[in-house]
Amino acid sequence: MSRTWAFLSNYLVYSAMAVYTLSFIAHAIETAWAVKVPNSTTKTMDYSRTEKVARIATAMMILGFVLLFAGVIVRGVSAGRVPWGNMYEFSITGALAFTGAYLGALRKYDLRWLGLLISISVLLTLGTAVTVLYVPSAPLVPALKSPWLVIHVSAAIISGGVFLLSNVIATAYLYLDKMESKGERTGWAKRLPSLEVLDQLSYRLVAFVFPLWTFAVIAGAIWAESAWGRYWGWDPKETWAFITWVAYAAYLHARVTVGWRGRRAAWLCLFAGSTFLFNYVYVNVWGTGKHTYSGL
Amino acid sequence: MSQQTELPELDSVGLLRYSWRQLTSMRTALVLLLMLGVAAIPGSLIPQRTQNPIQVTQYFKDSPEAARWMDRFSLFDVYGSPWFSAIYILLFISLIGCVLPRTFEHFRAARALPPATPKNLSRMEHHSSWVANGNELDIARVWFKSNRFRILEKDGSISAEKGFTRETGNLLFHLALILVLLGISFSSLFGMRGEAIVNVGERFVNTPTSYDTLRYGKLYQDGNLPTFMLTADKFVAEYNVETNAPEDYTLNISLLRDGSSVIEKKVIKVNSPLTIGSTRIYLQANGYSPVVTVRDSKGDVAFQGPVPFLPQDSNLRSIGAIKVPDANPQVGFVGSFVPTYTRAPDGGGALSAFPKALDPRLLLAAWVGDLGLDSGIPQSVYRIDTSSMQQIGLKTLKPGETFVYAQGSITFEGYIQWVNLNFVADPGKNLALLGGIVAILGLLASLFTRRRRIWIRVGSEVEVAGLAKNAAPGLDLELEQFVQMLKGEK
């Protein structure tokens, strides 16, 4: 029975990948057309033609999200637990959270220009997950059997998704900033938001999710106290979670109190985000310590 | 540069004041904060004594010269090192020096009334005006009060302010961090942490000598150990037959508390430790203890009992040593226990195929000579110093089998399981948790409230303006609603 569910989950994840690929293609076409159709009279772009493709791309993204969501749920059903027991499961849930963060932010801001980057990175994450990280569905090891698994890991994954989205925007900022410093924005870049908007958006995402990340760390500490007998032990994962926290705290201070904006703030944001990624990849796969549940 | 040239002119008080200001400046705090993050990195890449003492020893063996230099910079004890401590102590001093004055200032400001309405409102960013109706001031007053603005009314104008929670939350967050640090220091002063391996069926009496390792806080005393006694009655480990991964560990114990004559039956599992007063007992690891009987050449028993072996992999292939100092000559066995016997595919040594004892084997190398136990140098109970011993045989035993050698014999009677229990008293953890919770609440309050002022002046025309601190968004929307309401459009 559980095996049937596991297969179903795999089909759902593969279908999600197919749909994300369609979304990626639609985003690519949209971008290509947007570059090709400059309106010379008003010097602004004419997007009427790309609008339809953009809608298809977003629709595909939503469908991919739904399929992946189902895939993650079914994976959990197959194992009879929350689907956060190994790195394959972290990765598909992380991809889900990342798309979720994007779609959530899309309700408020027009971020469709990011879609190309989002869809390709989700595809890469899922591709790595199904090829390199895949492990058969199995019950949890005793240390993971705790209600805190749901609380701690969901908070960490959602924070991660938003941190990465903020990083993508900070990267876009730096790229456009460089382009503008050489002269005018060209082609596709013309339709992206202004530098100020990107700067603010990247900051707001971090400010929004920093308390959640703090909560994830504290929830982890409470769990560690009951599982390992200490709430903090400088385990590599804990250390890097702390480093990420410190880096984002510094980022928020730099912005709010010292008044950093623009390029410097974007670099600090990227640094903080990279500590999160490092924690996820290095500590799970090559690291030692108590958080090595990758199953590799 | 100019500051540096001025420095020598300062007297000692001036110098102190100057250093204090530098230390408590935001820039310094920011640098210290980033430094703390960077300083935490080496500890996650280099093995640490507190987490991985075996790897540290290996490091010293592999490259002794480098290791000695690294040790000089406490790179194997990063989180207890002087330089790491220096950074966070400076950071916290800086934090206190920054937060305390601001707290007092905030208290004063919170009781003060908002400043009077500026003369020229049209200079403000969000400004609008229209012909007055007459009752706008009254409507505005009601609205301000129902929205909990603090107001100052003067000369036909109201100055209203809201959003003090932002600074309150901000200060609360930083004070909470100090609380966390206090909790941690409290634990390290008054805490206790011990480990003991207990064979299933055996008894553990809570005295310092029962522990394999025991560490106290600086102000913890031996007498503070609570009196109790427990027996490990039964231990069950369940494994997944497909992946060999553990699924559940359950330890049943009998507990006898101080002053009680009733034996309580308790269960300890991973994630659900047993709490006795201020001490919590955690189930941390488990393994096998082969039970052996060693006889001398006359057939008299020289040693009998279980010997804990240390697991080496997830299938619990375990290694250990059986030392018989009472035999003459002394005998020692370097052993390896496999719960489910199989041979390595390349024809190499014995391996374990499954963590449960389905087909156990005890592999022994027997040595005679001097065990070196009287030399005074502490020895690992899992290893034998064979430098002054001679190997006399190798044997693989099934349960019940006996290996006979010239100086005697050893019988592999069977096995029992052992559990590794951690005993922890952590008196500061609730304080640290409280700090953590307050920190999150403070963060939420400071990140999600906006501080802003709204002014209204009513003369022949109504003038409304607003100012948002920290360029917080949303004021334009709020003002729009305010104006609509004043005009009676809503």
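Which residue of S22(B) does Ile158(B) stand opposite? The legends below take up this question and others on a predicted model.

**Figure 1. An open sheet of chain B has 5 strands.** The strands follow the order S1-S23-S22-S3-S2, and their pairing is antiparallel. Strand S1 (126–131) and strand S2 (150–154) of chain B stand at the edges with a single partner strand each, so one side of each has no neighbour in the sheet. On average, neighbouring strands here are turned by 10° against each other, direction ignored.

**Figure 2. Strands S3 and S22 of chain B are joined by 6 bridges.** S3 covers residues 157–162 and S22 covers residues 452–458, and the two run antiparallel. Ile158(B) stands opposite Ile456(B) in S22(B), which answers the opening question.

**Figure 3. Helix H10 of chain B lies across S1, S22 and S23.** The helix spans residues 475–486, and strand S23 spans 461–468. H10(B) runs at about 160° to S23(B).

**Figure 4. A second open sheet of chain B has the order S13-S14-S15-S18-S19.** This sheet has 5 strands with antiparallel pairing. Strand S13 (310–311) and strand S19 (389–397) of chain B are the edge strands, and each pairs on one side only. Within the sheet, 7 bridges join S14(B) to S15(B), and these two strands run antiparallel. Ile322(B) stands opposite Phe333(B) in S15(B).

**Figure 5. A cis peptide bond links Asn328(B) to Pro329(B).** Omega of this bond is near -5°. Pro329(B) is placed in the loop between strand S14 (318–324) and strand S15 (330–338) of chain B. Most peptide bonds are trans, and most residues other than glycine have a negative phi. The second part of that rule matters for the next view.

**Figure 6. Arg148(B) and Asn244(B) are shown in their loops.** Arg148(B) is not a glycine, yet its phi is positive, at about 60°. Arg148(B) lies in the loop between helix H7 (136–146) and S2 of chain B. Is Arg148(B) buried or exposed? Arg148(B) has 8 C-beta neighbours inside 10 Å, and therefore counts as exposed. Asn244(B), also a residue other than glycine, has a positive phi near 65°. Asn244(B) is found in the loop between strand S7 (228–239) and strand S8 (246–257) of chain B. With 17 other C-beta atoms within 10 Å, Asn244(B) is partly exposed.

**Figure 7. Chain B touches chain A.** The contact takes 42 residues from chain B and 39 residues from chain A. On the side of chain B, at least two residues each come from helix H3 (26–45), S8, strand S11 (279–296), strand S21 (408–425) and helix H9 (429–448). Which element of chain B gives the largest share? H3(B) does, with 11 residues. By class, the side of chain B that touches chain A has 22 nonpolar, 14 polar and 6 charged residues.

**Figure 8. Chain A has 8 helices and 0 strands.** From the N terminus on, its elements run α-α-α-α-α-α-α-α. Along the principal axes, the C-alpha atoms of chain A fill a box of roughly 70 × 50 × 30 Å. Of its 296 residues, 50% count as buried. Among the contacts in chain A with a separation of 6 or more, 80% come from residues 24 or more positions apart.

Notes:
Residues numbered from 1 in each chain as written. Chains lettered and ligands numbered in written order. Predicted model: local features only at pLDDT ≥ 70, side-chain atom pairs only at ≥ 80, totals over all residues. Pairing = 2+ DSSP bridges. Helix = DSSP H or I, 4+ residues; strand = E, 2+ residues; numbered from the N terminus. Axes fitted to C-alpha atoms, helices over the stretch in contact; angles between N-to-C directions. Contact = placed C-beta atoms within 7 Å. Buried ≥ 20, exposed ≤ 12 C-beta atoms within 10 Å, placed from the backbone. Nonpolar A, V, L, I, M, F, W, Y, C, P; charged D, E, K, R; others polar.
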